[in-house]
Amino acid sequence: MINTEQVPNSVKPFKNGNSLAFRISKNDREHLQMDTTTEFEKIVSPDGKEITFRKLEAARPNILEIANSLYDQHADLMKRLEKL
């Protein structure tokens with residue numbers, strides 16, 4: 001749980017090339033358990049006054065292993081589907 005007393009109430013953007021950016025403090029990165037590979041979904045409110053970034057959960061790293069296992073378990077079905 002984030003200690004809201006340690007989170008600043010406001011931040012200012014800074015120039016980053018041709019864009020503006022916000023800094024994410026080390027403390028915030030640790031609370032979010034994020035690094036440069038973490039992906040976020042950006043949600044803009046209809047009135048354009050609020051932007052929310054929601055952390056996306058990482059896909060299961062063993063998805064290929066699961067898919068191969070399912071394929072092997074249903075090999076006869078897969079062979080029939082190939083002929084369609």
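Reader: Where is R23 placed in the chain?
Author: In this predicted model, R23 sits in the loop between β2 (19-21) and α1 (26-32).

Reader: Is R23 buried or exposed there?
Author: R23 is exposed, and its relative accessible area is 63%.

Reader: How far apart are the C-alpha atoms of R23 and V11?
Author: The two C-alpha atoms are separated by 8.0 Å, while R23 and V11 are 12 residues apart along the chain.

Reader: Let me step back. How many helices and strands does the chain have?
Author: The chain has three helices and four strands. Along the sequence they follow the pattern β-β-α-β-β-α-α.

Reader: And what percentage of the residues count as buried?
Author: The chain has 84 residues, and 5% of them count as buried.

Reader: Now the strands. How do β3 and β4 run, parallel or antiparallel?
Author: Strand β3 (residues 40-44) and strand β4 (residues 51-55) run antiparallel, and five bridges join them.

Reader: Which residue in β4 stands opposite F40?
Author: F40 has K55 opposite it in β4. E41 likewise stands opposite a residue of β4, namely R54.

Reader: What lies between the two strands of that hairpin?
Author: There are six residues between the strands of the β3 and β4 hairpin, and G48 takes a positive phi near 75° in this hairpin.

Reader: Which residue has a positive phi although it is not a glycine?
Author: Q33 does, with a phi of about 50°. As a general point, most residues other than glycine have a negative phi. Q33 belongs to the loop between α1 and β3.

Reader: Is Q33 buried or exposed?
Author: Q33 counts as exposed, at 67% relative accessibility.

Reader: Back to charges. How many salt bridges does a search of the whole structure find?
Author: The search finds one salt bridge. The side chains of R54 and E41 meet in a salt bridge, with a distance of 3.6 Å from N to O. Because R54 lies in strand β4 and E41 in strand β3, the pair ties together parts that are 13 residues apart in sequence.

Reader: Why can such side chains pair at all?
Author: Side chains of opposite charge can pair when their charged atoms come close.

Reader: What is the relative accessibility of R54, and what does it count as?
Author: R54 has 48% relative accessibility and counts as partly exposed.

Reader: Next topic, pockets. How much space lies in the second largest pocket?
Author: The second largest pocket holds about 160 Å³ of space.

Reader: Which residues line the second largest pocket?
Author: Its lining consists of D35, T37, T38, E39, K55, L56, E57 and A58. K55, as noted above, is the residue of β4 that stands opposite F40.

Reader: How do the residues of that lining divide into nonpolar, polar and charged?
Author: The lining of the second largest pocket has two nonpolar, two polar and four charged residues.

Reader: Take A58 from that list. Where is A58 found?
Author: A58 is in the loop between β4 and α2 (63-73). At 70% relative accessibility, A58 counts as exposed.

Reader: How far apart in space are A58 and T38?
Author: From C-alpha to C-alpha, A58 and T38 are 7.9 Å apart, and in sequence they are 20 residues apart.

Reader: And T37, where does T37 lie?
Author: T37 lies in the loop between α1 and β3. T37 is exposed, its relative accessible area being 62%.

Reader: What separates T37 and A58 in sequence and in space?
Author: T37 and A58 are 21 residues apart in sequence, and their C-alpha atoms are 9.7 Å apart in space. Both T37 and A58 are among the lining residues of the second largest pocket.

Terms used: Residues are numbered from 1 along each chain as its sequence is written. This is a predicted model: local features need pLDDT of at least 70, side-chain atom pairs count only at pLDDT 80 or more; totals for chains, interfaces and linings use all residues. Side-chain values use heavy atoms; hydrogens and water are left out. Two strands pair if DSSP finds at least two bridges between them. A salt bridge is a side-chain nitrogen of Lys or Arg within 4 Å of a carboxyl oxygen of Asp or Glu. Buried means under 20% relative accessible area, exposed over 50%, partly exposed in between (1.4 Å probe, protein chains only). On a 1 Å grid over the protein atoms alone, a cavity is a set of points where a 1.4 Å probe fits but cannot get out, and a pocket is an open set with protein on both sides within 12 Å along at least five of seven lines; lining residues have an atom within 4 Å of a point. Grid points are joined across faces, edges and corners, and a volume is the space filled by probe spheres set on the points. Ala, Val, Leu, Ile, Met, Phe, Trp, Tyr, Cys and Pro count as nonpolar, Asp, Glu, Lys and Arg as charged, and the others, Gly among them, as polar.
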